[in-house]
Amino acid sequence: MTMMERLKTARAFDALGLGEVMLRLSPVNHERIGQGDVFEKRAGGSELNVVSGISLLGLRTGVITKLPHNEIGSFIKNRIRFCGVSDDYLIYDAERGARLGIYYYEGGAYPRKSSVVYDRAGSAFTTLELSELPESMYASTRLFHTSGITLALTGHTCATGVEMIKRFHEAGAVISFDCNYRANLWDEDRAREVIQGILPMVDILFVSEETSRRMMARTGTMEEIMRGYCDQFGISAVASTARTIISPRKHTFTSTIYSAERNAFFTEEPYRNIEVIDRIGSGDAYVAGVLYGLLSSGDFERALRYGNAMSAIKNTVPGDLPDSSPGEIERIICDHQTGSKSEMNR
C-alpha cells in the first residue's frame with residue numbers, strides 16, 4: 001500500500017510517539033540560570049510535544065516512554081493526560097534512584113542568546129526495554145513518530161528505537177522521523193550512519209537545510225536535496241523549515257514540503273516578525289501540524305498551512321508543549337492568507 005492508503009487505515013491510535021519526557025526548569029522574569037533562586041517547572045520532550053499537538057487538534061495519540069515511579073513521574077503523567085495524550089504505553093521505573101531527565105532553559109534577549117544546560121544522564125527512559133511493552137502496540141496506530149534525539153541518547157535507546165521503527169514498519173504503520181540533530185549528543189559520522197540505516201523504512205522525513213548539508217553531507221539546491229532523499233531511500237515526503245532569526249524575540253518562519261508521489265513542492269509566504277515568547281518546541285509544533293494535516297485529510301497544502309501556523313503560534317506560548325485549538329489555527333491560517341490584522345478576538 002502507498003503511504004496515503006496506510007494513513008487511511010482505521011486503527012485504535014492515529015499517532016504514537018517514542019521519546020524521553022523531561023522536566024524543564026527555567027528561571028523566572030528572564031533571569032539567568034546562575035542568577036535566579038526560583039525555577040519554574042514544566043514538562044517537555046520532542047516526541048511528547050508532537051503527539052500533544054496532534055491530540056489538541058482532535059486526533060487520538062499516545063506516547064511511549066518510561067518515567068520514575070515517584071512524585072516527579074506523577075507530575076509528568078498528569079501533564080501528558082492534560083494534553084489529551086494516552087498513557088497506555090507509559091512504563092514506570094520503581095528502582096531506587098530512578099530519575100527523570102532535567103534541563104535548564106534560560107531565555108535570551110538580544111544580544112544575549114538563549115541557552116540550555118542538560119542533566120539527563122541515567123534517566124529512567126534510557127532503561128526502556130521492548131519486553132516491557134505489549135506486542136499488540138505495533139498494529140495499534142496509523143502513524144509512528146520518533147526523532148534523532150531518541151536514537152542519540154545512548155547505545156541502548158538507539159537499538160531500542162531502531163527495532164521499534166522496524167516493528168511498526170512491518171505492522172503497516174506510517175513512519176515519521178525528525179532528524180533533530182544535536183551535536184552535544186552524538187557526532188556527525190555516527191548520526192549519519194544510524195539515520196541512513198533507518199531511512200528506507202521512513203515515510204515522512206523532517207530535516208532542516210543545515211542538518212542536510214552538514215550532518216547528512218548532502219549537496220545541491222534544497223529542492224534537489226529533498227528529492228534526493230526520496231529517490232535514494234524511497235521516502236514518500238520530506239519537510240524542511242526555514243527560520244530567519246532577527247533577534248531572540250523576533251523570527252520569520254516558513255517551510256517547504258516535497259511529495260514524491262505527486263513530484264511536487266509545497267510552500268507559502270512566511271510568517272514574518274513572529275513575536276517570540278518561547279521558541280522551545282516550535283519545531284515540534286510544526287511537525288504536529290504537518291502530521292495532523294496528513295492524518296486528517298491527506299492534503300499536503302493543508303498539512304503545510306497547519307504546520308506553519310502551529311509553529312508560529314507555539315513561539316508565542318511559554319513552555320515546550322503546544323496549546324492550540326483547531327479553531328485558533330484555522331483563524332491564524334485565514335488571517336495569514338488574507339493579511340487580516342486585528343487587535344483582539346472577540
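## A cis peptide bond in a loop

P111 lies in the loop that runs between strand 7 (102-106) and strand 8 (115-119). In this predicted model, the peptide bond that joins Y110 and P111 is cis, with omega at about 10 degrees.

N263, although not a glycine, has a positive phi of about 50 degrees. The residue N263 sits in the loop between strand 13 (250-259) and strand 14 (264-267), and its relative accessible area of 49% makes N263 partly exposed, given that the exposed class begins over 50%.

N273 is likewise a residue other than glycine with a positive phi, here near 55 degrees. The setting of N273 is strand 15 (residues 271-275), and with a relative accessible area of 45% N273 counts as partly exposed.

## Overall dimensions and surface

The protein contains 11 helices and 15 strands, and its C-alpha atoms fill a box of roughly 55 × 50 × 40 Å when taken along the principal axes. Because a compact globule of 346 residues would have a radius of gyration near 20 Å, the 19 Å of the protein agrees with that expectation. Among the contacts with a separation of 6 or more, 70% are accounted for by residues 24 or more positions apart.

The accessible surface comes to about 15200 Å², and carbon and sulfur atoms hold 47% of that area, while 54% of the 346 residues count as buried. As for charge, the mean position of the 39 positive charges and that of the 44 negative charges are 3 Å apart.

In soluble globular proteins, nonpolar side chains tend to be buried together. The largest nonpolar core here has 47 residues, of which I64, M137, M164, F168, L199, L205 and Y229 touch the most other members. The elements that give two or more residues to this core are strand 1 (15-18), helix 4 (148-152), helix 5 (155-170), strand 10 (174-178), helix 6 (188-198) and helix 8 (222-233), and of these helix 8 gives the most, with 6 residues.

Leaving aside residues up to four places away in sequence, M137 touches L16, I64, Y89, M164 and F168.

Note on methods. Residues numbered from 1 in each chain as written. Predicted model: local features only at pLDDT ≥ 70, side-chain atom pairs only at ≥ 80, totals over all residues. Heavy atoms only, no water. Helix = DSSP H or I, 4+ residues; strand = E, 2+ residues; numbered from the N terminus. Rg over C-alpha atoms; globule rule 2.2 N^0.38 Å. Buried < 20%, exposed > 50% of the residue type's maximum accessible area, 1.4 Å probe, protein only. Contact = heavy atoms within 4.5 Å. Areas by Shrake-Rupley, 256 points an atom, 1.4 Å probe, with all protein chains shown as cover. Lys, Arg positive; Asp, Glu negative; His and termini not counted. Charge placed at Lys NZ, Arg CZ, Asp CG, Glu CD. Core = buried A, V, L, I, M, F, W, Y, C linked by side-chain atoms within 4.5 Å.
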